[in-house]
Amino acid sequence: MPVHGGLVARSAPKIRGRKKKLRYEDITVVDQSLLKRAVGAAALGNAMEWFDFGVYAYIADTIAEVFFPASVSPGVRLIGTFGAFTAAFLMRPLGGLVFGPLGDRIGRQKVLAVTMIMMAIGTLCIGLIPSYSSIGVWSPILLVLARMVQGFSTGGEYGGATTFIAEYSPDKRRGFMGSWLEFGTLSGYVLGASVVTGMKAWVPHETLLDWGWRVPFLVAGPLGIIGLYMRLKLEETPAFQKHAAEAEKRGRSGEPFWKMFTEYWPALLICVGLVLVFNVTDYMLLSYMPTYLSEQLHLDATHGLLLIIVVMVVMMLIILVGGRITDHVGRKPVMMAGCIGFFVLSWPLMLLVHDGGLVLTFLGLMGLGLLLLCFEVSMPAALPALFPTAIRYGALSIAFNISVSLFGGTTPLVMQSLISATGHDFWPAWYLMAAGAIGAVAVYFSRETANKPLWGSGPAVSTEAEARELVRDSG
C-alpha cells in the first residue's frame, strides 16, 4: 500500500482509471431517529465520565483533607490527591487493550453498555469510602482502587463513543454530530463543577468534610442506570453490521490484533500526537486550573470556580456551531489553528491569568477555552477516521488511552509537582506550548477526512434523495 503524509493512502476502487460506479446498496441511508438516540446515549456516557472529573477537580482540596493525614503539608496532600486522580489513567491503556478489540469482535453497543455500568460503580464507591480519620491508610488505598476501576472502564469509553457516533453519522454531518459528544463532556463537567461550587458556597466547611463531599459521587448510581438503559436500547452501528456480515461470509471474525501495530502504526502515532495536544489542554484548563487559581494565585475559591464554569458555558454555546464549521472547512485547518494558537498565545494568556485582576484572569481563561474548542469540535470526527472499520474501536482506544495516560491525565500531577519543586508558576504556559508544537506535527501528517466515507465503509447519507444523487453522479 502506498504511504502518503504518514498515513496509508486509501484510494477508491478504480476501473479503467475511473472510480467504481456506486450501487444503491453500497450507500447507507442513516435512520435519523436512531442517529439521535445513538448520539444521546454516547454523549450521556461522556457527560457522566466528566461529571466525575469535574467533581474531583473542584473538590480536590476537600478530598485531600478527607483522605490524607493532617500531619502533612497541604501541598503534599494535594499531590497525593492528584496522584489518586492519575492512578485511573494508569489503568486506561489496559482498559483500551481489553474493551477496544472486544468492541471490534462483538460490537460497539455491548461494550459501551459494560463501560457505562463500570464507570457508575467506580464513582459510587468513592462516595462510600470512609475517611482517613476512620480507617487510616486504607482510605487513600481504597480511593486509588476505585479510581482504577473508573480508569479501566473509561479505557473503552471514549474510543467506543467516538466510533459509535462516527459510524452512525452521515459523511457531511460527522463533525456536527461528533461535537455533541464534547457537548456532553462540557455538560457533565459544568454540572459537577456547579454542584461542588454551590456546596462550597452554602455548606459549612465542617459539614462538607464530614459527609457533604460524598453527595456528588453518590449521584453516579442513578445516572449510571439511566445511561445503561439508553445504551441497551440502541442498535449496532450500520458500519459494524456490514463489516460483521462480510467477515462471516469470509469465515473470519476480524483482523488479527497485531495488524494494527504492523500495518497501521503511522495512524497510531498520529492519533497519539493529536490526542496529546487535545488532552493536555483539556486537563490543564478543566482539571488543573481550579487548583492553580486557588493554591498558586490565592484567588478566592468560589470566584475561581465560577470563572471556569462561565468559560465552559460559553464553550457549550459555541461548540455545536464549531462542529458544523469543521464539516464545511475541514478538520485539519481547525486543529492546526488550535495548535498554532497554543504555541503562540499560551504565554500571554497565562500572563493574563497570573497577573491580571478578576476580569483579565477571566479573559485569559476564556482565550485558553476558545483554543481548546478547536480540538473539541474536531477530534470526535477526526480520530475515528484514522482507522478502518475492522480495527477502529481497538486501535483508537489503545492509541487514545496511551496518550491520555502518559500526557493528558498526568497534567495536574506534573504541574503541581513542578511548581512545588521549582517555585515557578508559569509551567502551565510552557507545557501548553510544547503540546501545541507536537500537535502541529501530528496534524500536518494527518489526512483531511471531512465529507468523506469512513475508511472501510461506503458513503453514508441523510436521505434517500442524497443516495440516488450519489449513484447518479458516480456513473
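Helices (H or I, at least four residues) and strands (E, at least two) are DSSP runs, numbered from the N terminus.

Before I go on, this is a predicted model, in which local features need pLDDT of at least 70 and side-chain atom pairs count only at pLDDT 80 or more, while totals for chains, interfaces and linings use all residues. Residues are numbered from 1 along each chain as its sequence is written, and side-chain values use heavy atoms, with hydrogens and water left out.

Back to helix 12. Ala239, Phe240, His243 and Ala247 are its buried residues. Buried means under 20% relative accessible area, exposed over 50%, and partly exposed in between, with a 1.4 Å probe and protein chains only. The arc is that of the directions from the helix axis to the C-beta atoms. An α-helix has 3.6 residues a turn, so residues three or four places apart point the same way. Glu248 and Lys249 are exposed, on the face turned away from the buried side of helix 12. The cover over the buried residues includes helix 3 (74-106), helix 4 and helix 7, where contact means heavy atoms within 4.5 Å.

Next, helix 11. In helix 11, the buried residues are Ala220, Gly221, Gly224, Gly227 and Arg231. They cover an arc of only 125 degrees around the axis, which puts them on the same side of helix 11. They pack against helix 1 (32-58), helix 4 (108-126), helix 7 (157-168) and helix 10 (214-218). On the face turned away from that buried side, Ile225 and Tyr229 are exposed.

Last, a residue in a loop. Most residues other than glycine have a negative phi. Asparagine 451 lies in the loop between helix 21 (427-445) and strand 6 (460-461), and asparagine 451 is partly exposed, with a relative accessible area of 37%.
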